[in-house]
Every structure is written in C-alpha cells, then in structure tokens.
Amino acid sequence: LEALLPQCVVKPQVNQCEFHPRCLQTRLRDYCAQNGIVFQAYAPLGSPAGVSELLALPPLQPLAQRHASTPAQVLLGWAVRRGR
C-alpha cells in the first residue's frame, strides 16, 4: 500500500486481508486506519491449509465448552469483537 498510494488516482477504500489470532496484521491495520482505508478481514478460521491447526489451539476448547459453542464460533466471535 505504501508504494501504491502515491501512484493512485483513486485511493483504495478497502483492503481485504487474512485476520485471525495467528495473523493479527497489526502494522497493516494501523496503516489502513491512518490512511482512511477500511481493513476487511477474511479467513477468520485460518487459511485452508491451517484451519485444523487454528481450530486446535489449546485455549479454544475450554472457551468453546464454557460458552456451549464450537471452536469455530469462538474464532468468529473473536473477529467480530474486533470489528473486522
């Protein structure tokens, strides 16, 4: 984005990126916020190759059981609470 913005006639309005507990994209989210670009998350359960690894994170099972949810629902809730 840093290289793209000076070259743009029309600034990007949205940047869609992978976002989940193992891929927080902190610098990119901050950059988007500073430049008025909406950060839109995708793959809240992880990329296709890493979904089972992400769903097996140790904290997810107890959280899911405590809230009568699945690990996937916990991850989706995590992303929603962060406004992504």
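How many nonpolar, polar and charged residues does the lining of the largest pocket have?

**View 1. The lining of the largest pocket, by residue class.** In this predicted model, the lining of the largest pocket is made up of 8 nonpolar, 4 polar and 1 charged residues. The pocket itself has a volume of about 200 Å³. Of the 13 residues that line this largest pocket, those closest to its centre are Leu60, Leu63, Val74, Trp78 and Arg81.

**View 2. The helices that line the largest pocket.** Two or more residues of the lining come from each of helix 3 (60-66) and helix 4 (71-81). Helix 4 gives the most to the lining of the largest pocket, contributing 6 residues.

**View 3. The pair formed by Phe19 and Phe39.** The structure holds 2 aromatic pairs. In the pair of Phe19 and Phe39, the ring centres lie 5.8 Å apart and the planes meet at 80°, so this pair is edge-to-face. The pair links distant parts of the chain, 20 residues apart, since Phe19 sits in the loop between strand 1 (14-18) and helix 1 (26-34), while Phe39 belongs to strand 2 (residues 38-42). Phe19 counts as buried because its relative accessibility is 1%, and Phe39, at 7% relative accessibility, also counts as buried, the cut-off for buried being under 20%.

View 4. Ring pairs link Phe19, Phe39 and Trp78 into a cluster. Trp78 is also one of the residues closest to the centre of the largest pocket.

Terms used:
Residues numbered from 1 in each chain as written. Predicted model: local features only at pLDDT ≥ 70, side-chain atom pairs only at ≥ 80, totals over all residues. Heavy atoms only, no water. Phe/Tyr/Trp six-rings, centres within 6.5 Å; stacked < 30°, edge-to-face > 60°. Helix = DSSP H or I, 4+ residues; strand = E, 2+ residues; numbered from the N terminus. Buried < 20%, exposed > 50% of the residue type's maximum accessible area, 1.4 Å probe, protein only. 1 Å grid on protein atoms, 1.4 Å probe; cavity = no way out; pocket = protein on both sides within 12 Å on 5 of 7 lines; lining within 4 Å. Points joined across faces, edges and corners; volume = space filled by probe spheres on them. Nonpolar A, V, L, I, M, F, W, Y, C, P; charged D, E, K, R; others polar.
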